[in-house]
Amino acid sequence: MAALLKALFLFVFVFFSLSEAREILVGGKTNAWKIPSSPAQSLNQWAESSRFRVGDTLVWNYEEGKDSVLKVRKEDYEACNITNPQEKLEDGSAKVELHNPGPIYFISGVKGHCEQGLKLVVVVMTPRHRFIGISPAPSPAEIEAPAVAPSSGAASLKVGVLAVVVGILGAHMI
Ligand SMILES: *[C@@H]1O[C@H](CO)[C@@H](O)[C@H](O)[C@H]1NC(C)=O
């Protein structure tokens, strides 16, 4: 019994430690990298309701050749200045791994698009604390996970495994 519990906790620990990093689809859906039809549709509105952590990867999806993504300094973000980007991503499925906490600034590389609202600032947080002892319940936001790329499936798998483990533990504790 004790050995079983130990094995389960070890399993949960390893599982959660390995599955922390996520791929986050920018805008939460395909073809979201486009001029917003209204401020409420802007990517920054989406970004404010999402959480980004060191180790996560942002994934863009847009029609290649129709747009591009520039990683820029704050001044260039604010001025929509496309002349001197830190990084230029022209691949329609560009990826950026988030290495450091703090804000990162992106604008469209197509002249005039940034001015019309195609820009994004993502505030990256430090990784979540490793859990101690009791396994953490995922927050409701993570269960629904609108920000997680559907292809990854990691979030739902995680919830599923948690449910199974909690079920087994519960059955043995009664
Ligand atoms: C854009 O950035 C470049 C290089 O940093 C600078 O020389 C230029 O003056 C800027 N343009 C505007 C309109 O701010």
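Arg22 counts as buried, at 17% relative accessibility. The value falls under the 20% limit for a buried residue. In this predicted model, Arg22 sits in the loop that links helix H1 (2–18) to strand E1 (23–25).

Asn31 is not a glycine, yet its phi is positive, near 55 degrees. Asn31 belongs to the loop between E1 and helix H2 (43–48). With a relative accessible area of 41%, Asn31 is partly exposed. Cys80 also has a positive phi in a residue other than glycine, near 55 degrees. Cys80 is placed in the loop between helix H3 (74–79) and strand E5 (87–89). Cys80 counts as buried, because its relative accessibility is 12% and the limit is 20%.

The protein chain as a whole contains five helices and eight strands. Along the sequence, these elements run in the order α-β-α-β-β-β-α-β-β-β-β-α-α. The protein chain has 174 residues, and 40% of them count as buried. Among contacts with a separation of 6 or more, 75% come from residues 24 or more positions apart. The accessible surface of the protein chain is about 10100 Å². Carbon and sulfur atoms account for 60% of that surface.

Definitions and conventions. Residues are numbered from 1 along each chain as its sequence is written. This is a predicted model: local features need pLDDT of at least 70, side-chain atom pairs count only at pLDDT 80 or more; totals for chains, interfaces and linings use all residues. Side-chain values use heavy atoms; hydrogens and water are left out. Helices (H or I, at least four residues) and strands (E, at least two) are DSSP runs, numbered from the N terminus. Buried means under 20% relative accessible area, exposed over 50%, partly exposed in between (1.4 Å probe, protein chains only). Contact means heavy atoms within 4.5 Å. Accessible areas come from the Shrake-Rupley method with a 1.4 Å probe; for residues, only the protein chains shown count as cover.
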